[in-house]
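The following paragraphs lead through the structure shown below, from its sheets to its core and its aromatic pairs.

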Amino acid sequence: MNFIDEISRLYDGNILPNEPYTGERADIPEELFEILQTADGIRETMPNPETGEPMSIAWILYPYDYMATESEFYHNEYGVDGTVFADDGAGNPYILKSNGSVSLFDAIDGEESTAANSLEEFYQILH
């Protein structure tokens with residue numbers, strides 16, 4: 001599956017992919033790393049009400065460096081295992097677990113809940 005095309009379809013083309021990640025892979029699941037090699041982060045866009053030009057409103061997929069930083073933070077602060085790759089817009093991270101499922105971590109309650117059984121299902125459910 002081409003995640004970039006699928007994400008673009010789900011967001012009606014309102015996305016802005018970054019340039020591909022060209023660095024080495026460290027502690028990022030292969031599934032995410034493959035996407036990052038096509039786009040090192042993907043932002044959702046919407047037309048600027050004044051100019052009509054696309055403007056970034058949220059991350060759909062974090063860039064590699066941000067994934068690494070956020071994953072380390074949530075592991076050290078809350079004991080969360082997995083790779084933080086996006087958030088829900090309210091500061092709660094989505095985490096790709098080692099079994100391929102996606103969970104949402106509620107930082108206020110300190111609890112994880114299953115958001116999807118796979119990354120592909122996550123993007124289909126999210127939008």
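**Sheets, core and aromatic pairs**

Ala 86 has Tyr 94 in S5 as its bridge partner. This is a predicted model, in which local features need pLDDT of at least 70 and side-chain atom pairs count only at pLDDT 80 or more, while totals for chains, interfaces and linings use all residues. Residues are numbered from 1 along each chain as its sequence is written, and side-chain values use heavy atoms, with hydrogens and water left out. Helices (H or I, at least four residues) and strands (E, at least two) are DSSP runs, numbered from the N terminus.

Strand S4 (residues 83-87) and strand S5 (residues 93-96) run antiparallel and are joined by four bridges; two strands pair if DSSP finds at least two bridges between them. The hairpin of S4 and S5 has five residues between the strands, and there Gly 89 takes a positive phi near 90°. Four of the five residues of S4 are buried, so this strand is largely enclosed by the rest of the structure. Buried means under 20% relative accessible area, exposed over 50%, and partly exposed in between (1.4 Å probe, protein chains only).

S4 and S5 belong to an open, antiparallel sheet of four strands in the order S4-S5-S6-S7. S4 and strand S7 (111-116) are at its edges with a single partner strand each, so one side of each has no neighbour in the sheet. On average, neighbouring strands here are turned by 35° against each other, direction ignored. Axes are lines fitted to C-alpha atoms, for helices over the stretch in contact, and angles run from 0 to 180 degrees between N-to-C directions. Helix H3 lies across S4, S5 and S6, at about 110° to S4.

A further open sheet has three strands in the order S1-S2-S3, again with antiparallel pairing. Its edges are strand S1 (15-17) and strand S3 (54-61); each has a single partner strand, so one side of each is left without a neighbour in the sheet. Strand S2 (residues 42-47) is joined to S3 by six bridges, and Arg 43 has Trp 59 in S3 as its bridge partner. Helix H1 (residues 3-10) packs on this sheet and touches S1, S2 and S3, its direction making about 155° with that of S1. Contact means heavy atoms within 4.5 Å.

Within H1 lies Ile 7, which counts as buried because its relative accessibility is 0%. Leaving aside neighbours within four places in sequence, Ile 7 is in contact with Ile 15, Ile 42, Ile 60 and Tyr 123.

The largest nonpolar core has 33 residues, and Ile 42, Leu 61, Phe 85 and Tyr 123 have the most contacts inside it. Such a core is a set of buried Ala, Val, Leu, Ile, Met, Phe, Trp, Tyr and Cys residues joined through side-chain atoms within 4.5 Å. Among the elements that each supply at least two residues of this core are H1, H3 and helix H4 (119-126).

A search of the whole structure finds 13 aromatic pairs. The ring centres of Tyr 21 and Tyr 64 are 4.1 Å apart and their planes lie at 15°, so this pair is stacked. Rings of Phe, Tyr and Trp (its six-membered ring) pair if their centres lie within 6.5 Å; planes under 30 degrees apart count as stacked, over 60 as edge-to-face and the rest as tilted. Both Tyr 21 and Tyr 64 are buried. Phe 33 and Tyr 64 form an edge-to-face pair, 6.4 Å centre to centre with 75° between the planes.
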